Amino acid sequence: MSTPCTVLRFEDFTRHVVDTLHRHPHQPGAAYTLLLGSGFSYPLVPTARDMVLRDIPWWLHWQKLDEKARKKHHPEARFPDAPKSADCPELDTFAKELWARVHQQCQPHEHLRFELNPDTGLPKPQGDNIGNAYRAVMSSYATAGFGTPKAQRQYLRDVVRRIGNRINMAHLILASFFDMQKRWTDKQAFCRTIFTTNFDTLIQRSLQLVCQLYVLTDRPEVGIDAPDDELDAAIHLIHTHGSIYRYFLANTPADLDRLQKQNASGLVPYFERHGVIVMGYSGWQDTTMTALLSCKQFDNNLYWCDMPSAADAPNVLREDVKELLATDPEHRFYVPLPSKGADAGMVELHRALAGTPCPDFLFDPLRGLIESVESIDAPDYHLCEQSAAGVKSSGDSISEQSLRNDSTPRQIRDRTIEILKTVRERDFQVGKTTSSEPAKIPDISTAVVNVDAVMNQALQAALKGKLDQAIALWTQVADASETSPAVKAKALFNRGVTKGQSGDAAGEIADYDALLAMHDAPAELRATALFNRGLAKGQSNNTAGEIADYDALLAMPDAPAQQRANALVNRGVTKCKSGDAAGAIADYDALLAMPDAPAEQRAKALVNRGVAKGQSGDAAGEIADYDALLA
């Protein structure tokens, strides 16, 4: 380099970071702040060089294509990655013409001048020249380019929209650091503030994956408040040029100049009190670069991580960057990134800090999910007065709702946590290998802790139509010696419903018999089993047995209103079919007299009572019931 600068190998940089975090493990605040540029989002987001040489010409050309031509490059006519020259030869011609016109239009403006490569007709790919070309095409003077803030916003939003829901490895590892440092007891916090010149939302998406709270500053035009490291539970994310969610996006020299005059001085004290790690940022003259150049010191050094090798850096880095590093070469370092860029660099830093290159989220995704579910303050009471599930009637199929209606939100939460923990312990242990053989039904005869997991596994099998597997799983629960009465009753009930679905009416009735023989089975399950058994007997032409079960249900003092109403409706229908219209009407009268009868069953009773009255010759009464229903 033309001025003295200390080059640090990347492995030495990671050692510096680890040593610093261990030096003062109980120090409040974070040791470092991060400054991230476009290289940190690469390859999902093109760098300024890629934008200038290919992506910007492609977007401007894309705007001129008709729908048929767009679908040739993307079936949904959305802005895709730039094609190869062979797939779109006219793009090369368009790019040359574009940059020739932008070059001509910006020549009168010294701050927007850039050089063209005579061989390609495109801007020369050197750092400062690429930066000038980018600012020029964004300028209002370049009518051949974007020309207006609206066009600039639309292009950048299309670039981010093209990413979809993806994130790159660098961002995932960054989120992993924030997740891990909440649990560190032997190290100082790594970082709590990120400054970025990027407009994309990759950082936000990665933080959401690990359930990390963050504070967002993305309106630099109204000012940037001094960051606060005391917010231990949150990360402060600062978009120094704005973000795609905002109207203002700083791209032009005038925008950047206005922002640096307004915001740079306020950042200097914060940078000076931390170490600063720069990654993927070229150091254009903007707010953060102005602030860095104004800093007299950095408490934990400054590390400028970039792609050029130590040999190439003198010819590639911007003069401002070389000046910044040369000011204090003992505490400001240039760090060449590994050959694969920020992704590989963050992997190595993760290895140094965590002992593994793989973030916890990839290796053990259920831990964060369990913690999220555990944080729910779920009430231990039923939220609804009436439970609309659990009844098997004609045409009904088994459903998750019908099998869980007897649980409070807290019970459901605790059951879910137990299931997640069981799966995590089985499949996500460190160093544990997984088998390629099909999963076997677990033996839970002596492992009560797994009952809920097996119940859920059986439910999922039933919902997917794997009835034999579901029946086998519920059999294990029902036969386990240590299964609680309530769970055993539910397993018998579920197995009975599933046997009925598979055509085994005798097996279905036998399971309801077994449940009803349990003196300690929950009242709601007993009532539902009586109803389902009555229905199954009716479908087997055992009318007397059907009515007897409905009678037994209605005689229960603690039968829920839903089941009593269902029994009255079905008993009335059965009586009517048997020629006992008066008995049927009496059942419908009894249902309609119930103050807690569900609306659906009241409507059925009015319709059926009207039909029964009509069959008895009471036309006026029939019409009156239909009127009551319509009202």
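Predicted model: local features only at pLDDT ≥ 70, side-chain atom pairs only at ≥ 80, totals over all residues.

Student: Okay, where does R609 sit?

Tutor: R609 is in helix α27.

Student: And what does R609 touch?

Tutor: Leaving out residues up to four places away in sequence, R609 touches I585, Y588, D589, L592 and D625. With D589 there is also a polar contact between the side chains, at 2.6 Å.

Student: Which residues make a nonpolar surface patch with V611?

Tutor: V607 and L629 do. Together with V611 they make a patch of about 180 Å².

Student: Let's switch to salt bridges. How many does the structure hold?

Tutor: It holds 39 salt bridges. As background, side chains of opposite charge can pair when their charged atoms come close.

Student: What does K575 form a salt bridge with?

Tutor: With D587, where the closest N and O atoms are 3.3 Å apart. K575 belongs to helix α25 (residues 561-577) and D587 to helix α26 (residues 581-592), so the pair ties together parts that are 12 residues apart in sequence.

Student: Are K575 and D587 buried or exposed?

Tutor: K575 counts as buried at 18% relative accessibility. D587 is buried too, with a relative accessible area of 3%.

Student: How about D513, which residue does it meet in a salt bridge?

Tutor: D513 meets R533, with 2.6 Å from N to O. This pair links distant parts of the chain: D513 is in helix α22 (residues 505-516) and R533 is in helix α23 (residues 523-539), 20 residues apart. At 35% relative accessibility D513 counts as partly exposed, whereas R533 counts as buried at 14%.

Student: And which residue does R183 pair with?

Tutor: R183 and D179 meet through their side chains in a salt bridge of 3.2 Å, N to O. R183 counts as partly exposed at 36% relative accessibility, while D179 counts as buried at 7%.

Student: Which residues are linked in a network of salt bridges?

Tutor: R9, E11, D12, R15 and D19 are linked that way.

Student: New topic: the nonpolar core. How many residues are in the largest one?

Tutor: There are 44. The residues that touch the most other members are I56, W99, V102, Y134, F146 and Y155.

Student: Which elements give two or more residues to this core?

Tutor: Those are α3 (48-63), α5 (89-106), α6 (127-138) and α7 (149-163). With nine residues, α3 gives the most.

Student: You mentioned W99. What does W99 touch?

Tutor: Not counting residues up to four places away in sequence, W99 touches V52, P57, F114, L116, G121, L122, P123, A133 and V137. Apart from this core lies another one, of 39 residues, including A175, V210, Y303 and L337.

Student: Now the backbone. Where is the cis peptide bond?

Tutor: The bond from Y42 to P43 is cis, with omega near 10°. P43 is found in the loop between α2 (38-41) and α3.

Student: Where are N301 and N541 found?

Tutor: N301 is in the loop between α11 (287-294) and β7 (302-306). N541 lies in the loop between α23 and α24 (543-554).

Student: Last one: is each of them buried or exposed?

Tutor: N301 is buried, with a relative accessible area of 14%, but N541 is exposed, with 69%.

Conventions. Residues numbered from 1 in each chain as written. Heavy atoms only, no water. Patch = residues over 30% accessible without salt bridge, like charges linked within 9 Å, V, L, I, M, F, W, Y side chains within 5 Å. Areas by Shrake-Rupley, 256 points an atom, 1.4 Å probe, with all protein chains shown as cover. Salt bridge = Lys/Arg side-chain N within 4 Å of Asp/Glu carboxyl O. Core = buried A, V, L, I, M, F, W, Y, C linked by side-chain atoms within 4.5 Å. Buried < 20%, exposed > 50% of the residue type's maximum accessible area, 1.4 Å probe, protein only. Helix = DSSP H or I, 4+ residues; strand = E, 2+ residues; numbered from the N terminus. Contact = heavy atoms within 4.5 Å. Polar contact = N/O pair within 3.5 Å; in protein donor to acceptor, adjacent residues only side chain to side chain.
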